[in-house]
Amino acid sequence: LLFLPTAHAVPYIAVLADANCSHCHVNPTGGGMRNSHGAMLMSEFSLKRNAGFFDNDYRGRISKYFGMGGDIQLQHLSTIEPPRSNSFTVPEGTLYVSADPFSYLTLYTDTDLATVTSREAYGLIHNLPGKSWIKFGRLNLPYGLRLQDDSSFIRGDLGLTFQLQVIGIELGAEPGPFTVAGAFINGVGSG
């Protein structure tokens with residue numbers, strides 16, 4: 001049996017370091033697949049603490065034009081009181097895939113493996129003047145920190161969970177340590 005401690009995204013470290021979400025993620029508004037730098041940080045500071053089990057140099061890229069990654073959580077529940085039970089569940093399993101056919105275009109999707117549904121599927125035109133971008137397709141609204149906990153006060157109470165996607169166009173820029181983003185959408189809850 002292998003035990004690994006829970007790994008969490010740490011947006012507060014990015015805030016303290018004056019780093020934008022795009023410093024570690026493919027998505028400029030954060031969350032989802034890590035870019036090469038984010039994969040390296042995850043490998044160096046989280047996975048390698050686990051007795052060398054993850055000693056490899058994978059940085060989220062299969063080739064210059066194709067990337068793949070994922071996140072998985074496994075949960076074991078066991079009771080010793082009658083009636084006894086023993087079960088394993090997968091509360092979260094996500095597969096991330098990106099393709100970069102041109103230096104300015106990324107095609108991205110992430111799929112929830114538990115429900116086999118795509119959470120986000122978009123095209124991202126990046127490297128525009130002023131560190132700006134245009135994102136189009138099925139996306140999560142660009143709001144707040146992308147905490148994985150949908151029950152947090154800045155997500156769940158406002159209905160802005162990871163289960164809410166919309167069809168739309170997002171425009172954004174990173175002037176210095178700030179990220180500014182807005183979206184034109186087809187209506188909340190319609191994705």
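In what sense, parallel or antiparallel, do strand 4 and strand 5 pair, and over how many bridges? In this predicted model, strand 4, which spans residues 105-112, pairs with strand 5 in the antiparallel sense over eight bridges. Within this pairing, L107 has G123 of strand 5 as its bridge partner.

The two strands belong to an open sheet of eight strands, in which the order is 1-2-3-4-5-6-7-8 and the pairing is antiparallel. Its edges are formed by strand 1 (61-63) and strand 8 (180-185), each of which pairs on one side only. On average, and with direction ignored, neighbouring strands of the sheet are turned by 20° against each other.

At least two lining residues are supplied by each of strand 3 (85-102), strand 5 (117-128) and strand 6 (132-139). By residue class, the lining of the second largest pocket divides into 11 polar, six charged and six nonpolar residues.

Two aromatic pairs are present in the structure. In the pair of F102 and Y104, the ring centres lie 5.5 Å apart and the planes meet at 10°, so the pair is classed as stacked, the limit for that class being planes under 30 degrees apart. Both partners can also be described by their accessibility: F102 is partly exposed, with a relative accessible area of 45%, and Y104 likewise counts as partly exposed, at 42% relative accessibility.

How values were computed:
Residues numbered from 1 in each chain as written. Predicted model: local features only at pLDDT ≥ 70, side-chain atom pairs only at ≥ 80, totals over all residues. Heavy atoms only, no water. Helix = DSSP H or I, 4+ residues; strand = E, 2+ residues; numbered from the N terminus. Nonpolar A, V, L, I, M, F, W, Y, C, P; charged D, E, K, R; others polar. Pairing = 2+ DSSP bridges. Axes fitted to C-alpha atoms, helices over the stretch in contact; angles between N-to-C directions. Phe/Tyr/Trp six-rings, centres within 6.5 Å; stacked < 30°, edge-to-face > 60°. Buried < 20%, exposed > 50% of the residue type's maximum accessible area, 1.4 Å probe, protein only.
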